[in-house]
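Hi everyone, thanks for coming. Let me put the structure up on the screen, and then I'll walk you through it.

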Amino acid sequence: MYKIAKEFQFDACHMLDGHKGKCHNLHGHTYRLIVEISDQLRPHGSSKEMVMDFADIKTIINQSIISQLDHAYLYDASNSNECKIADLLQQMQRKVFAFPCRTTAEGISRFIFNQLCDKLPVSKITLWETPTSYCEYQQS
């Protein structure tokens, strides 16, 4: 079994409504995303003796994740205050993205993992929210 990884970056804003710290306020991050892929080497074709072509990984991640999240307001679709902000931004024709969970590093990591499972043999997601804080998500 081999493991390969590709790194990405995107900018987004969010808030954690009800959080006791300063993240209760609307703020932004430059997220650093590392997608780890685990699989056997391919036996044939142009990607012979590769787990997967890095260009193919880049295309899939950009289409499935980065294009949706980059420069968007990320919000918890179950939180009424966060939805009010999203509604206002949409009225102003701004980019928003609804999550089925709170937009913590943990929630976003799990969401990305689940979004990619049917597209890639993803084994781990590492999401850096700041240069000194990150979350890893993998299924056991």
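One term before we start: a nonpolar core is a set of buried Ala, Val, Leu, Ile, Met, Phe, Trp, Tyr and Cys residues joined through side-chain atoms within 4.5 Å, where buried means under 20% relative accessible area, with a 1.4 Å probe and protein chains only. What you see is a predicted model, in which local features need pLDDT of at least 70 and side-chain atom pairs count only at pLDDT 80 or more, while totals for chains, interfaces and linings use all residues. Residues are numbered from 1 along each chain as its sequence is written, and side-chain values use heavy atoms, with hydrogens and water left out.

Now the overall layout. The chain has 3 helices and 6 strands, which are DSSP runs numbered from the N terminus (helices H or I, at least four residues; strands E, at least two). Reading from the N terminus, their order is β-β-α-β-α-β-α-β-β. Of the 140 residues in the chain, 43% are buried.

So much for the overview; on to the core. Which residues touch the most other members of the largest nonpolar core? They are L33, V35, I61, L74, I112 and L116, out of 30 residues in that core. Two or more residues come from each of β1 (2–14), β2, α1, β3 (72–76), β4 (96–99), α3 and β5 (122–130). The largest share, 6 residues, is from α1. There is also a second, separate core of 6 residues, with M15, Y73, Y75 and A86 among them.

Next, the helices. Two packed helices are described by the angle between their axes and the distance between the axes. Here α1 (residues 54–69) and α3 (residues 105–116) pack at about 145°, with axes 11 Å apart; axes are lines fitted to C-alpha atoms over the stretch in contact, and angles run from 0 to 180 degrees between N-to-C directions. On the α1 side we have I60, I61, S64, I65 and L69, meeting I112, Q115 and L116 of α3, where contact means heavy atoms within 4.5 Å.

Last stop: E36, in strand β2 (residues 27–39). Is E36 buried or exposed? Buried, with a relative accessible area of 14%. Its side chain makes a polar contact with the side chain of S123 at 2.8 Å; that term means a pair of N or O atoms within 3.5 Å, one able to donate a hydrogen and the other to accept it, and residues adjacent in sequence count only if both atoms are side-chain atoms.

Key
Buried means under 20% relative accessible area, exposed over 50%, partly exposed in between (1.4 Å probe, protein chains only).
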